[in-house]
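Here are my notes for you on this fold, point by point. Keep the 3D view open while you read and look up each residue as it comes along.

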Amino acid sequence: MIETVDLHRGYRIGNKSIEVLHGVDLRIRRGERVFLCGPSGAGKTTLLYTLAGLERPERGLVRIDGVDLYALGRKEQARFRNREIGYVFQNFHLLPELTALENVAVPGAIAGLDSTDAAIKALERVGLGHRKDHLPAELSGGEQQRVAIARAMVKQPKLVLADEPTANLDAANSHNILHMMVKLNQELQSTFVFATHDEKVIRYLRRKVTLTDGKVI
């Protein structure tokens, strides 16, 4: 499902160039549940962004389900991401003027589909069916996290990338969310990659990948 070869990604801050990913080589099979771990600054979020087509690498290959992601044009890449990839952002990235239901329906709307029914079901799966008409500002941090997870799952994507998906959830909600993701993984053979510091996540996943100083070790 995922293959990277000699992946490099860096940033410029003033006159300084800071390389975050240093030649990452990684293979993840279809249907795997992978725990991506490592210290802060190791490059976990940058790697997820690069796998999702959100940040172009300086060099290297990213292949998702056999597709060379960065060989696609911008519009083709956006369509592929919308169709095949669900992303849970660490800071939610909910649209503040939209209700929970409307936020979850956004991926379908981008594709020109009416996904209201699917969005309602996704919210019910994360225990927020009763909050569907509330704006993000009217939800707690944990509820916003669950809306973000429902949005990532609404189209039942082949690949789900999640950056600290349980960071704002209590133990009970973390268990419910992870159990739901495992169920989807088993039913649809969706592939999950979780970047997290939460060691409790390990028991729900099958494989641990450690990133240190921008390299897989």
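1. Let's begin with Lys158, which is partly exposed, with a relative accessible area of 35%. Bear in mind that you're looking at a predicted model. Lys158 makes a salt bridge with Glu84, and their closest N and O atoms are 3.9 Å apart. Lys158 sits in the loop between α5 and β7 while Glu84 belongs to helix α2, so this pair ties together parts that are 74 residues apart in sequence. Glu84 itself is buried, at a relative accessible area of 12%.

2. Now find Arg131 and Glu143, whose side chains meet in a salt bridge (3.1 Å, N to O). Arg131 comes from the loop between α4 and α5 and Glu143 from helix α5, so the parts tied together here are 12 residues apart in sequence. Are these two buried or exposed? Both Arg131 and Glu143 are buried. Elsewhere, shared partners link salt bridges into one network made of Arg30, Asp65, Arg83, Glu84 and Lys158.

3. The structure holds 13 salt bridges, and another one to look up joins Arg63 and Glu3 (2.7 Å, N to O). Arg63 is in strand β4 and Glu3 in strand β1, so the pair ties together parts that are 60 residues apart in sequence. Arg63 is partly exposed, with a relative accessible area of 30%. Glu3 counts as buried because its relative accessibility is 17%, and the cut-off for buried is under 20%.

4. Four strands, in the order β2-β1-β4-β5, form an open sheet with antiparallel pairing. β2 (16-28) and β5 (67-68) are at the edges with a single partner strand each, so one side of each has no neighbour in the sheet. Inside this sheet, β1 (residues 2-13) and β4 (residues 59-64) pair over 5 bridges; Ile2, for instance, has Ile64 in β4 as its bridge partner. Helix α1 (residues 44-51) lies across β1, β2 and β4, and runs at about 120 degrees to β1.

5. There's also an open sheet of 6 strands, ordered β6-β7-β8-β3-β9-β10, and its pairing is mixed. Its edge strands, β6 (85-88) and β10 (215-216), each pair on one side only. β3 and β9 (residues 207-212) run parallel and share 4 bridges, with Leu36 standing opposite Val209 in β9. Helix α2 (residues 74-84) lies across β6 and β7 at about 80 degrees to β6. Helix α5 packs on the sheet too, touching β6, β7 and β8, and its direction makes about 170 degrees with that of β6.

6. What about the inside? The largest nonpolar core has 36 residues, and those touching the most other members are Val104, Leu123, Val126, Val147, Ile149, Met153 and Met181. Among the elements that each supply at least two residues of this core are α3 (100-110), α5 (141-153) and α6 (171-188).

7. Last, look at Gly112 in the loop between α3 and α4. Gly112 is exposed, with a relative accessible area of 65%. Its C-alpha atom is separated by 39 Å from that of Lys215, 103 residues apart along the chain.

Notes:
Residues are numbered from 1 along each chain as its sequence is written. This is a predicted model: local features need pLDDT of at least 70, side-chain atom pairs count only at pLDDT 80 or more; totals for chains, interfaces and linings use all residues. Side-chain values use heavy atoms; hydrogens and water are left out. Two strands pair if DSSP finds at least two bridges between them. Contact means heavy atoms within 4.5 Å. Axes are lines fitted to C-alpha atoms, for helices over the stretch in contact, and angles run from 0 to 180 degrees between N-to-C directions. A nonpolar core is a set of buried Ala, Val, Leu, Ile, Met, Phe, Trp, Tyr and Cys residues joined through side-chain atoms within 4.5 Å. Buried means under 20% relative accessible area, exposed over 50%, partly exposed in between (1.4 Å probe, protein chains only). A salt bridge is a side-chain nitrogen of Lys or Arg within 4 Å of a carboxyl oxygen of Asp or Glu.
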